[in-house]
Amino acid sequence: MHIYNVFGKHKDLGGNLMAVSEVPENPIDSGIPVIVVMSDSEQADVRFRFFYPGSKEAPICGHALLGAASHIAQASFRVETGTGISDVRKSGDVVSVSMTLSTAVSPDFTGQADPGWFGLEASQILKAGLYSAGKPKWCIELKDLAALNAVRFDLDALANWNQGKNFSGYVLYVSTGDGWYARASNPLYNIPEDPACAVCCAALPLSLEEPAFVHMGYPEYHNQIHLAAKDGQLWVGGKVYQYQQFGAV
């Protein structure tokens with residue numbers, strides 16, 4: 001099993017772990033947020049499958065996709081995931097993947113998440129809605145960084161409210177003088193807080209007239225996700241470092 005650290009600003013600062021394995025399992029106590037299993041693809045150069053703790057399979061995971069892409073020698077190739085075909089490109093220790101530009105998604109439900117489930121007051125929320133770059137997220141823009149730092153996820157309440165709705169997971173974000181900051185949680189996939197979520201950042205309704213950076217990894221925010229829109233595509237990327245490797249599991 002090969003383990004990679006993705007999105008850290010430096011090799012020894014920040015990052016989110018993932019692993020490449022031959023076995024489609026991820027025990028609940030593995031300590032690895034996502035495991036990727038590779039196989040042949042009839043539509044692309046390779047197929048990736050993604051397994052969260054408890055061996056819950058997800059259609060895609062951005063940071064795990066980038067880590068697994070780093071495991072492949074080619075500088076550019078196409079990968080098949082549960083959401084379709086994406087292009088991957090590498091430049092030094094930065095790996096990027098193409099996604100669709102974020103679009104608003106019509107909810108198949110009514111109502112809003114209770115601000116209290118995030119440890120917030122209604123006055124700290126600017127807007128909320130459903131957006132997707134391939135995997136719909138409930139995105140909540142906050143008033144300031146102090147509000148983002150105050151977030152506390154009520155996992156049981158958030159999991160219950162998410163059940164049966166056409167999205168998976170929550171992203172809270174804010175604009176500051178030195179870029180965007182975000183925090184994310186996906187209780188349905190046993191992720192209390194995701195320190196670096198590419199799919200979450202891709203879903204954010206940002207203008208992206210210029211490339212942007214999203215800082216994640218509360219409380220230090222040592223993780224950095226690169227976002228750039230070009231020729232009608234969204235490119236999401238970050239630095240990837242090999243962490244360590246073990247025998248096959």
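**Figure 1. Asn16 and the residues around it.** Set aside the neighbours within four places in sequence, and Asn16 of this predicted model is in contact with Tyr4, Asn5, Val6, Pro33, His63, Asp194, Pro195 and Ala196. Asn16 sits in strand β2, which covers residues 16-20. Is Asn16 buried or exposed? Its relative accessibility is 3%, so Asn16 counts as buried, the cut-off being under 20%. The Asn16 side chain makes a polar contact with the side chain of Asp194, at 3.0 Å. A polar atom of that Asn16 side chain also lies 3.1 Å from the backbone oxygen of Ala196.

Figure 2. Which of them gives the most? That would be β13, with 3 residues. Sorted by class, the lining has 5 nonpolar, 2 polar and 3 charged residues.

**Figure 3. The second largest cavity.** The model has 2 cavities of 30 Å³ or more, and this one holds about 40 Å³. Around it you'll find Tyr52, Ile60, Cys61, Gly62, Lys135, Lys137, Cys197 and Val199. By class, that's 5 nonpolar, 1 polar and 2 charged residues.

**Figure 4. The largest nonpolar core, and a second one.** The largest core takes in 53 residues, and those with the most contacts inside it are Phe48, Phe50, Leu65, Leu227 and Val236. Helix α4 (residues 198-203) gives the most to this core, namely 6 residues. There's also a second, separate core of 20 residues, with Phe109, Phe118, Trp138 and Tyr221 among them.

**Figure 5. Zooming in on Phe50.** Beyond its neighbours within four places in sequence, Phe50 is in contact with Val34, Ile35, Val36, Lys56, Glu57, Ala58, Pro59, Ile60, Cys61, Ala64, Leu65 and Thr81. Leu65 is, like Phe50, listed among the residues with the most contacts inside the largest core.

**Figure 6. Helix α3 and what covers it.** Helix α3 runs over residues 155-162, and its buried residues are Ala157, Leu158, Ala159, Trp161 and Asn162. Part of the cover over those buried residues comes from β11 (137-142) and β12 (170-176). Just past the helix, Gly164 takes a positive phi of about 75°.

How values were computed:
Residues are numbered from 1 along each chain as its sequence is written. This is a predicted model: local features need pLDDT of at least 70, side-chain atom pairs count only at pLDDT 80 or more; totals for chains, interfaces and linings use all residues. Side-chain values use heavy atoms; hydrogens and water are left out. Buried means under 20% relative accessible area, exposed over 50%, partly exposed in between (1.4 Å probe, protein chains only). Helices (H or I, at least four residues) and strands (E, at least two) are DSSP runs, numbered from the N terminus. Contact means heavy atoms within 4.5 Å. A polar contact is a pair of N or O atoms within 3.5 Å; within protein, one must be able to donate a hydrogen and the other to accept it, and residues adjacent in sequence count only if both atoms are side-chain atoms. A nonpolar core is a set of buried Ala, Val, Leu, Ile, Met, Phe, Trp, Tyr and Cys residues joined through side-chain atoms within 4.5 Å. On a 1 Å grid over the protein atoms alone, a cavity is a set of points where a 1.4 Å probe fits but cannot get out, and a pocket is an open set with protein on both sides within 12 Å along at least five of seven lines; lining residues have an atom within 4 Å of a point. Grid points are joined across faces, edges and corners, and a volume is the space filled by probe spheres set on the points. Ala, Val, Leu, Ile, Met, Phe, Trp, Tyr, Cys and Pro count as nonpolar, Asp, Glu, Lys and Arg as charged, and the others, Gly among them, as polar.
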